[in-house]
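Please keep the view open while reading.

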Amino acid sequence: MDIVRQTEKSMVQTKDHLHEELKHIRTGRADPQMLNSVRVEAYGTQMNLKELATITTPEARQLLVTPFDSQNLGAIRKSIETANLNINPIVDGNLIRLNIPQMDQGMRQNMVKLAKKKGEDAKVSIRNSRRDGNDTLKKLKSDGEMPEDQVKKGENDIQKLTDRFCKEIDEIISCKEKEILAI
């Protein structure tokens, strides 16, 4: 059924969005994806940091940002400072060092809470997709465009998708929690 496929597509998009959101939650280790949200004013326009520099991880708690053009060094440093990542950029010649501070237990617990909240938000979105799919099926039934047995089958299929995606989200959050709590 087309409605079931549309509902599944919506749920997949929700899960993908959750993955993107979780990339921005700190785990205490250096990860180049932490800087994905950093936008830099360069060449008269806003650009993503990864379009202007290479980002490497020489140590577990350090990132190196090496601009392709050293003229952008100051703009990159300023953008990292204003991105509110709680990381202090250190200019070292033609590159920028970012030392990731050690997370204390309280900070780790806050990050776990944030991850769980994002997981719950994703599950709410999944349930909203279920509701929208079921409402569409019921409308088709009331308009006489679909027989009741097909509507029931569609509702069952959508419920199975909902259960599957909620379980996958729980697993994703559980993995992220272990990653955050690992010292």
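A residue is called exposed when its relative accessible area is over 50%, buried when it is under 20%, and partly exposed in between. The model to which these words are applied here is a predicted one.

Begin with Tyr 43, in the loop between E1 and E2. Its relative accessibility is 56%, so Tyr 43 counts as exposed. The backbone of this residue also deserves a look. Tyr 43 is not a glycine, yet its phi has a positive value, near 55°.

Is Asn 48 buried, exposed or partly exposed? Asn 48 counts as partly exposed because its relative accessibility is 21%. Leaving aside residues up to four places away in sequence, Asn 48 touches Asn 36, Val 38 and Arg 39. With Arg 39 there is a polar contact between side chains, at 2.8 Å.

The next stop is helix H2, which spans residues 73–82. Which residues of H2 are buried? They are Leu 73, Ile 76, Ser 79 and Ile 80. These four lie on the same side of H2, because the arc they cover around the axis is only 130°. An α-helix has 3.6 residues a turn, so residues three or four places apart point the same way. On the other side of H2, Lys 78 and Thr 82 are exposed.

What covers the buried residues of H2? The cover includes five strands: E1 (39–42), E3 (53–59), E4 (62–67), E5 (89–92) and E6 (95–99). With a relative accessibility of 11%, Ser 79 counts as buried. When residues up to four places away in sequence are not counted, Ser 79 touches Val 38, Arg 39, Val 40 and Glu 41. Val 38 and Arg 39 are also among the residues that Asn 48 touches. Just after H2, Asn 84 takes a positive phi of about 60°.

Asn 84 leads on to the pockets, as it is one of the residues that line the largest pocket. That pocket has a volume of about 250 Å³. Besides Asn 84, its lining is made of His 24, Ile 25, Arg 26, Met 34, Ser 37, Leu 85, Asn 86, Met 111, Leu 114 and Lys 118. Sorted by class, the lining has five nonpolar, four polar and two charged residues.

The second largest pocket holds about 180 Å³ of space. It is lined by 14 residues, of which Leu 22, Lys 23, Asp 31, Lys 176 and Glu 179 are the closest to its centre. Helix H1 (2–23) and helix H4 (148–181) each supply at least two residues of this lining. Which element gives the most to the lining of the second largest pocket? H4 does, with four residues. By class, the lining of the second largest pocket divides into five nonpolar, three polar and six charged residues.

Key
Residues are numbered from 1 along each chain as its sequence is written. This is a predicted model: local features need pLDDT of at least 70, side-chain atom pairs count only at pLDDT 80 or more; totals for chains, interfaces and linings use all residues. Side-chain values use heavy atoms; hydrogens and water are left out. Buried means under 20% relative accessible area, exposed over 50%, partly exposed in between (1.4 Å probe, protein chains only). Contact means heavy atoms within 4.5 Å. A polar contact is a pair of N or O atoms within 3.5 Å; within protein, one must be able to donate a hydrogen and the other to accept it, and residues adjacent in sequence count only if both atoms are side-chain atoms. On a 1 Å grid over the protein atoms alone, a cavity is a set of points where a 1.4 Å probe fits but cannot get out, and a pocket is an open set with protein on both sides within 12 Å along at least five of seven lines; lining residues have an atom within 4 Å of a point. Grid points are joined across faces, edges and corners, and a volume is the space filled by probe spheres set on the points. Ala, Val, Leu, Ile, Met, Phe, Trp, Tyr, Cys and Pro count as nonpolar, Asp, Glu, Lys and Arg as charged, and the others, Gly among them, as polar. The arc is that of the directions from the helix axis to the C-beta atoms.
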